Amino acid sequence: MKFGQVEDLSKADFSFPEDSLYTAEVLKKNKKGLQGVYVGCAKWNKTDLKGFYPRGTRDELSYYASQFNSIELNATFYRIPSSAQVEAWKNKTPDKFKFFPKISNSISHYRRLINITDLVTEYIASIVHFEEKLGRCFLQLHDNFRPKDMQRLEGFIQMWPKEIPLGVELRNEEWYSNEEIWNNVCTLFEHYSVCKIIVDTAGRRDILDMRLTSPDVFVRFVGANVVGDYKRLDDWIERVSAWKDMGLRNLYFFVHQNVETNCPLLSSYFIKKINEQWNTQLRIPKTGNLKDKL
């Protein structure tokens with residue numbers, strides 16, 4: 001994941017912004033407490049996660065799903081899968097495993113949310129075959145998708161089936177730099193129960209915005225391949241623990257790296273810390289032959 005990558009990490013400010021005043025208001029609407037914690041990687045293929053799989057592993061997804069309880073599914077960004085493919089993925093995973101598929105770039109990037117009814121219908125007809133293992137779909141918009149196109153985004157959210165949870169990742173700086181625009185888009189998300197995705201990456205600290213629009217929190221953590229990544233994860237444990245006390249319903253936390261090899265190591269560290277802090281019993285993934293090079 002190269003978005004937000006910087007050449008000189010010594011100039012990156014990894015400090016956390018304060019919560020928005022709206023965050024507490026959103027969280028306190030959840031009266032049922034914590035329901036789920038899902039931590040994983042963005043990919044399961046052996047090439048990217050070299051060293052994670054035991055020698056002789058033939059089915060990478062089946063093994064991955066024996067170690068993690070979720071996957072941020074980027075494959076659906078590049079191609080809308082057939083229903084048969086979705087069912088095959090689903091059947092390779094255990095009960096309670098969740099998929100978080102990215103919405104196809106044919107919708108978000110090529111058509112840019114214009115004349116997309118046919119593609120949205122095709123996408124939904126496919127991913128509904130995940131059935132109870134569908135976590136939350138998410139729309140990642142292009143860096144140059146600006147607030148001037150707000151009407152398109154609003155139309156997309158209005159047409160999206162309410163029974164399928166949705167998250168949205170906004171990347172253009174203009175969404176975050178204008179307070180009125182930001183309030184409008186967050187109000188829209190909150191009204192339609194859309195989870196605003198938080199991205200933690202070195203070169204774009206503006207999108208590490210701590211205004212929540214749903215009691216469900218979706219974080220895409222981009223490691224910088226430095227030892228400081230563990231300190232950043234500690235900071236996240238502290239923040240989401242505070243949110244848990246305030247009413248967090250579900251936590252979705254996915255680890256990316258510019259060099260993906262360390263993803264299972266960072267994810268495993270995060271899971272251990274969550275178990276210690278929250279008294280949860282999430283499976284701690286085996287890290288195989290991975291050697292921490294940070």
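**Exercise 1.** Determine how many residues of strand E8 (residues 216-223) are buried, and which point each way.

*Solution.* In this predicted model, strand E8 is mostly covered, with eight of its eight residues buried. Next, sort the residues by direction: Asp 216, Phe 218, Arg 220 and Val 222 point one way from E8, whereas Val 217, Val 219, Phe 221 and Gly 223 point the other way. Residues of both groups are buried.

**Exercise 2.** Identify the strands that pair with E8 and state the handedness of the crossover from E8 to E9.

*Solution.* Begin with strand E7 (residues 198-200), which pairs with E8 in the parallel sense over three bridges. Within this pairing, Ile 198 has Val 219 of E8 as its bridge partner. Then take strand E9 (residues 250-257), which runs parallel to E8 and is joined to it by eight bridges. Here Phe 218 is partnered by Tyr 252 of E9. Finally, trace the chain from E8 through helix H10 (residues 228-246) to E9: this β-α-β crossover is right-handed.

**Exercise 3.** Classify the relative orientation of helices H7 and H9, and describe the residues of their contact.

*Solution.* Helix H7 (residues 150-159) packs against helix H9 (residues 179-191) at an angle of about 10°, and their axes are 11 Å apart. Angles under 35 degrees count as roughly parallel, so H7 and H9 are roughly parallel to each other. H7 contributes Met 150, Leu 153, Glu 154 and Ile 157 to the contact, and H9 contributes Asn 184, Val 185, Leu 188 and Phe 189. By class, the contact residues comprise six nonpolar, one polar and one charged.

Note on methods: Residues are numbered from 1 along each chain as its sequence is written. This is a predicted model: local features need pLDDT of at least 70, side-chain atom pairs count only at pLDDT 80 or more; totals for chains, interfaces and linings use all residues. Side-chain values use heavy atoms; hydrogens and water are left out. Axes are lines fitted to C-alpha atoms, for helices over the stretch in contact, and angles run from 0 to 180 degrees between N-to-C directions. Helices (H or I, at least four residues) and strands (E, at least two) are DSSP runs, numbered from the N terminus. Angles under 35 degrees count as roughly parallel, over 145 as roughly antiparallel, 65 to 115 as roughly perpendicular and the rest as oblique. Contact means heavy atoms within 4.5 Å. Ala, Val, Leu, Ile, Met, Phe, Trp, Tyr, Cys and Pro count as nonpolar, Asp, Glu, Lys and Arg as charged, and the others, Gly among them, as polar. Buried means under 20% relative accessible area, exposed over 50%, partly exposed in between (1.4 Å probe, protein chains only). Two strands pair if DSSP finds at least two bridges between them. A crossover is right-handed if, with the strands pointing away from the viewer, the path from the first strand over the helix to the second runs clockwise.
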